[in-house]
Amino acid sequence: MERTSAGERASEVVNEADIARWYEGCVFSSDWTTSHFPVWTEVLAAHRHRPARVLEIGSWEGRSALFFLHYLAGSSLTCVDTFEGSVEHHENASLAPSVADVERRFDANTARFADRIEKIRGTSGSVLPLLGIAGRRFDIVYVDGSHYAADVYGDAALAWSLTVSGGLVLFDDYDWNLMETESERPRLGIETFLRTVPGQFREIHRDYQLIVEKL
Ligand SMILES: C[S@@+](CC[C@H](N)C(=O)[O-])C[C@H]1O[C@@H](n2cnc3c(N)ncnc32)[C@H](O)[C@@H]1O
């Protein structure tokens, strides 16, 4: 995955060998994440050499967390997860056994970044208000927790107040259609929330994921 767009500095280039090195020795049961790296490297390039404060809602085994920590070398990362898995994990026979030790794998996979990572176990609905009360703010937020529309709406609303002007919010699974009804999928929550903040964001990317910049 060579990033060679015009004007890109040599230091921005991320290739397959870099990615293989980032994940060496890690243990995962799934990969929902690597396919997003081409978009992320491009969208996050401006933050690459900044001390970006990143909030991740939904960390699972740490694959996306490791992307942020490696690619944004000066960043700090706050990971919020129940580490109990989502409904779809429990319903999937091949994933359900992984849920029991997902937190242990997250801890082992991210251990070398102990000084840059803050793990908070809990629901996003209970943890994000506490981050707000503590005055925490973030430059980049990755929303990848519960997929229920109402939960994603809540994550979006809470994340919005924690995101600085000029910050980015990345919504995963905008185009996810594994579940049958709209209320079980993220899109309705994302779109309904964004309709409440007209003129306050710029859309940067829309495909499987939706990425916006807060103005
Ligand atoms: C799809 S996985 C995250 C994948 C991860 N971002 C990656 O790319 O490697 C979703 C995660 O969200 C967590 N989760 C589900 N509902 C949650 C909630 N209400 N609050 C916090 N975490 C939640 C699950 O435990 C699971 O680990």
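Modeller: Two strands count as paired if DSSP finds at least two bridges between them. In this predicted model, strand 4 (residues 138-143) and strand 5 (residues 163-171) meet that criterion with five bridges, in the parallel sense. One of the residues to look at is Ile140, whose bridge partner in strand 5 is Leu168.

Colleague: Which strand pairs with strand 1 in the parallel sense over five bridges?

Modeller: Strand 2 does, in parallel and over five bridges. There, Leu55 stands opposite Thr78 of strand 2.

Colleague: What is the order of the strands in the sheet?

Modeller: The sheet is open and has seven strands in the order 3-2-1-4-5-7-6, with mixed pairing. Strand 3 (117-121) and strand 6 (201-206) stand at the edges; each has a single partner strand, so one side of each lacks a neighbour in the sheet. From one strand to the next, the twist averages 15°.

Colleague: Which helices should I place against these strands?

Modeller: Contact here means heavy atoms within 4.5 Å. Helix 7 (residues 124-133) lies across strand 1 (53-57), strand 2 (76-81), strand 3 and strand 4, and runs at about 145° to strand 2. Helix 9 (residues 186-195) lies across strand 5, strand 6 and strand 7 (210-214), at about 25° to strand 7.

Colleague: How many residues of strand 2 are buried?

Modeller: A residue is called buried under 20% relative accessible area. Five of the six residues of strand 2 are buried, so the rest of the structure largely encloses this strand.

Colleague: How many of the residues of helix 3 are buried?

Modeller: Helix 3 (residues 63-71) is mostly covered, with nine of its nine residues buried. Among them are Arg63, Ser64, His70 and Tyr71, together with Phe67 and Phe68. In general, an α-helix has 3.6 residues a turn, so residues three or four places apart point the same way.

Colleague: Which residues are closest to the ligand?

Modeller: Of the 21 residues that surround the ligand, the closest are Thr33, Gly58, Ser64, Asp81 and Asp144. For polar contacts, one looks for pairs of N or O atoms within 3.5 Å. A ligand nitrogen atom is 2.8 Å from a polar backbone atom of Gly58. A ligand oxygen atom is 2.7 Å from an N or O atom in the Asp81 side chain, and an oxygen atom of the ligand is 2.9 Å from a polar backbone atom of Gly85. The protein covers 93% of the 600 Å² of accessible area that the ligand has on its own.

How values were computed:
Residues are numbered from 1 along each chain as its sequence is written. This is a predicted model: local features need pLDDT of at least 70, side-chain atom pairs count only at pLDDT 80 or more; totals for chains, interfaces and linings use all residues. Side-chain values use heavy atoms; hydrogens and water are left out. Helices (H or I, at least four residues) and strands (E, at least two) are DSSP runs, numbered from the N terminus. Axes are lines fitted to C-alpha atoms, for helices over the stretch in contact, and angles run from 0 to 180 degrees between N-to-C directions. A residue is near a molecule or strand if one of its heavy atoms lies within 4 Å of it. A polar contact is a pair of N or O atoms within 3.5 Å; within protein, one must be able to donate a hydrogen and the other to accept it, and residues adjacent in sequence count only if both atoms are side-chain atoms. Accessible areas come from the Shrake-Rupley method with a 1.4 Å probe; for residues, only the protein chains shown count as cover. Buried means under 20% relative accessible area, exposed over 50%, partly exposed in between (1.4 Å probe, protein chains only).
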